[in-house]
Every structure is written in C-alpha cells, then in structure tokens.
Amino acid sequence: MRSLRAFFDDEAHDFPAHERPAAVGSPASPSHKAGTRLAHMVVGVLVGTTVGLGGALVSANLVQVRQVLGLSPTQAAWLSTSYVAAAVPANLLLIKVRQQYGLRRFALVALGLYVAAALAQALVTDIAAMVLLRAIGGFVSVTLIPLCLFHTMQAFPTKWRLRGLVLGIGITQCAVPLARLLSPSLLGVDGWRSLFLLEAGLALLSLAAVGVLRLPPAERARVLEPLDLFTFVLLGGALAAITAALGLGRFEGWLHTQWIVVTLLASPPALLAAGVIELRRATPLIDLRWLTHGDVWRFAAAVFLIRLVLAEQEMALDAVRWLGARPNEFESLAAVMLASAVTGVLASTMCVNLEKIARPMMLAIGIVAIAALVDSAATEPRHLARLYVSQAAIAVAGTFFLGPALLLGITSALRHGSGALISFIVLFGVVNALGAVAGPALLGSYMDWRLAAGAAEQAARADTIRLAAVLGLATTLYLAGLLLLRVRRRLAELRAEVSAGAASKEEASTAGSGWTQPRVLPAIGAIMAALAICGVMLILAAFGRV
C-alpha cells in the first residue's frame, strides 16, 4: 500500500522561487538533462495525439459510422456533439480538482477513465450508451490537454518554456488531419470499432508513459468549496446545453425543436445567476471581474471568429467529394493537410515573439480568407489541384495562429495573478470549443438555407465558402484594429517585466533545486510495461496486424 500511495502521490520538494509554478496545480520548472527533456517531449506528443484523436476520429467519420450503425443524421450528430458538450463545462471544475488532489493522481485517474471509456465504446452498439460514453470521454479529455502542455514545456530549457506551451497546444490540433489520414485503413479492418481500439491503445500507452515519467511535483491547496458544485451545475449546465444546441440545431431545426428553444431561453438566466453568485465569492470558480475587462472579451471574440472561419475546411472537403475525388486522392489530400498542420505548429513554435503576438494571428486568418476565395472558385474536377494548395495553406494557418493566441491571453493574465491565469485557461478552452462547434453549424445552416431558397448545390456551397472568406477578411480587420493597436501598448509594459524577470532568473540559475526523477519500483515498472504492451496490441489490432 505504501508503494501504491507513493506511485500516485508526488514527493514534497522545496523548489527555489524561480522554479516554482505560476499557479497551484501546475508542475514546477526545474532544469533537466537532455535525455529527460527528450522523454518529456515523447510523452507530450503521445498524450497530445491521444486526446486529439479522441474527438477527431469520430467527427471525421460520422458518415461511415452512421451508415454502419444505421443511425439518423441527428443521432450521428449526437456522437460528436456530446463529446464537446461534456468537455466545455469540464474546464470549469477540473482545474480546482487538480489543485486540491494533486497533478499526478489527477492525471493517472483521468487516463484510466479514458481507457475504460474507449474500450467500452468499442463494445457497445446502443446509441444511448455510445452517446453517454462519448460524453464521459469528452469530460475526461479536458484533463489530458494540460498534461500534454506540461510535458512539452518540460522538454525545453527554462528560457524556452513558452515554446513548449505553443508546441503542446499545436500537437492536439494536428489530430484532425491525422484522423482523416488513418481512417481509411482503420475502417477497412473492423469498421468503427477500430477507431476506438486505436484510441484505447494510445490511451494505455499514455498511461504507462505518464506512470513511468513523472512531472515535477505540483503544489496543492484546499480550494474546493460546497458552493463550487452549485455554480458548476448552473454555469457548466448552461454551457453544455448551448453547445448541444449549436451542434444539433442544423439537424433538428433551430426554432422548430422544443428542447433547443427551451435551451436558448433558459441558458442566459442560468449564466446570469451563476455570474451573480461568482462575483460575490471570495474564491470563485473563475475570476469574472477579470473576464469582464474589455480586452479579454475582445480577445475571446477574435478566437471565436477565427474558429468560425476555419470551419470552411469542412465545406471544402465536401467540395472535393462533389468534384469526384477518388479515395487515393482523399488520402493524398489528408497527408498534405497533416504535413501542413505540422509545419504550422513548428513555425509557430520557432517564431514565438512576445513583442509581435498579434501579427501571426492576423497573417494566419488573412491566409484563410484568401484560400477560401480560391476554394469558392473550384467548380470543375480540373480544379482539384487548387484545393490541395488552398487546404494546405489553411492547415498551416489553423495551427499557426493558436500558439500566439494562447500566449496573448496568458501574458495578459499573468499580470493579474494566478486566479486570472486559471480563468483565462478556462475561457480559452470554452471559446475554442464553442467556436469549433458553432462554425460548421452556422455555415452548414447557411448552405441549407441557400438550398431551400432554390440554389443549386454547387452554387450554395460556393456561396457558403465565400461567406467564410468574408468572415475571414472581417476578422483580419478586427484583429488589426483591436489587437495590433491596443495590445502593442500592453506588450511594451510586459517587455520590461519579462526583462526584469529574466535577469533575476539568470542570477538564480546557479541555485537550482536539484530535483531528479524518482526511481521506478520494479513492480510498478512491470505493471506499466504490461499496460504498454496491451496498448501496442490494441493499436496493432486496430490496423489488423494481429
């Protein structure tokens, strides 16, 4: 029992000030040897790929899953929507859970639940059970994203830790083109079950890797209060309901389905009630006072608009199908998009510059707007080559903007303390997820309206893609007017703070903590090795290799 408790808990360690985390529940930042940094990088990529594929494998194959299981379009939409609807409110509560019960215990339990949910999804065929399991997987997936970020940050020297943050968030975004590339091979083996076998296998490998390679200890504190659960039900329930309405509105009718109308009417009062309660609390779930600052809301609007515009990719892929692309051409396009997405992540990581955060965001969304215009003019099979180029550009832009956007909010939040930092992380996760759901729903609804008005399918699709291009241009101008002009002044203030902080860290660099990885007990190592072997076997089974 003592060994098991030591496996789940972190050993207490006294870190010097420059190595302590910015917030409770996050790991410390000691220096590591090159081999340890490489190991953290491998684990970060593994965990990020696992959580990214968890949502992408189903959303990229909804048509195939619907055909195999005999589902209606609405039932199929619930499979992807339930995942996101559960993930959105999870951001509110799980950060405090991690702070109170410890990062390591939190990560291991979450990965165990994730494995169980993935395996169960491979076995059930009842739609209600699948929707419930998808929701459980989505709720737990929120815990894995910061785990990916923490490992990739540890993989970089102290002065480059922000590069690790950008790389980590980018890894999770590469999962969508990766899912499109892997899906034909998976579906050809055991249909939709292969999707979940791959997910479970990766999750088992992640569990074994995290079990062996520890993150530096994180500080803990008693932060949970009884009132947290009540405000979580109000705030989280309203956000989950709004997400579900956005995801299902196109299929069930925005104002023709009773539950959607009730949701749209009941959610604002619930959000308002939760806001009143949170504003009166000394230790709220999220710092609403900071979130009400104009710059914060303008930043959130920019991220939401960018996510709306990036939904153009779904319309473009439909155009590729309509133009008669063969399966091998789809796979080639997926490979191009994956390579482009990885390029965007690496470029964003290498070009981190706190003084010029707004410029990459404007450049990225401007590229998307131009590429969307190119897509709208693709009306014949001979235009497929254009779509390869334009979708490659959008894939680069889609991952390139995310790191600077994340840093823009974090640098602003750090000036207001750890409470603002945690609130920003919650805000970023919620807005990013809502935008990812709202984009396809709104653009798809616009196309449905054009079809209902009598437009031909090709014309309706072209009009929808042009609408995305207009939104992209408007967002670029929005960023130019609000971010570039107003954030530059704040970054000038931050530059002085960062310089002062860097100098103090340089002086204290000779007094490191000396923390090293604890030795893995033989029994624990054997269990982790067994889990890893099981994970590899599941992955091989997913591809029909066993």
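**Burial, cores and overall form in a predicted model**

User: In this predicted model, why does arginine 163 count as buried or exposed?

Analyst: Arginine 163 has a relative accessibility of 19%. Buried means under 20%, so arginine 163 counts as buried. This residue lies in helix α7, residues 161–173. Not counting residues up to four places away in sequence, arginine 163 touches Phe156, Thr349, Met350, Cys351 and Val352.

User: What makes tryptophan 515 buried or exposed?

Analyst: The relative accessible area of tryptophan 515 is 11%. The limit for burial is under 20%, and tryptophan 515 is therefore buried. Its place is in the loop between α20 (457–508) and α21 (522–542).

User: Which residues is tryptophan 515 in contact with, leaving aside its neighbours within four places in sequence?

Analyst: Tryptophan 515 is in contact with His13, Phe15, Pro30, His32, Arg214, Leu215, Pro216 and Pro217. Contact here requires heavy atoms within 4.5 Å. As for glycine 398, its C-alpha is 37 Å from that of tryptophan 515, and the two residues are 117 apart in sequence.

User: What makes up the largest nonpolar core?

Analyst: This core has 65 residues, and Leu79, Leu147 and Val210 have the most contacts inside it. Helix α9, residues 192–212, gives the largest share, 14 residues. Apart from this core lies another, of 59 residues, among them Leu239, Ile394, Phe401 and Ile410. In soluble globular proteins, nonpolar side chains tend to be buried together.

User: Which residues is leucine 147 in contact with, beyond its neighbours within four places in sequence?

Analyst: Leucine 147 is in contact with Val47, Ala107, Leu111, Val210 and Leu215. Leu215 is also among the residues in contact with tryptophan 515.

User: How much of the protein chain is buried, and what share of its accessible surface belongs to carbon and sulfur atoms?

Analyst: Buried residues account for 52% of the 546 residues. The accessible surface comes to about 23400 Å², and 67% of this belongs to carbon and sulfur atoms.

User: What share of contacts between residues at least 6 apart in sequence joins residues at least 24 apart?

Analyst: The share is 84% in the protein chain.

Key: Residues numbered from 1 in each chain as written. Predicted model: local features only at pLDDT ≥ 70, side-chain atom pairs only at ≥ 80, totals over all residues. Heavy atoms only, no water. Buried < 20%, exposed > 50% of the residue type's maximum accessible area, 1.4 Å probe, protein only. Areas by Shrake-Rupley, 256 points an atom, 1.4 Å probe, with all protein chains shown as cover. Core = buried A, V, L, I, M, F, W, Y, C linked by side-chain atoms within 4.5 Å. Helix = DSSP H or I, 4+ residues; strand = E, 2+ residues; numbered from the N terminus.
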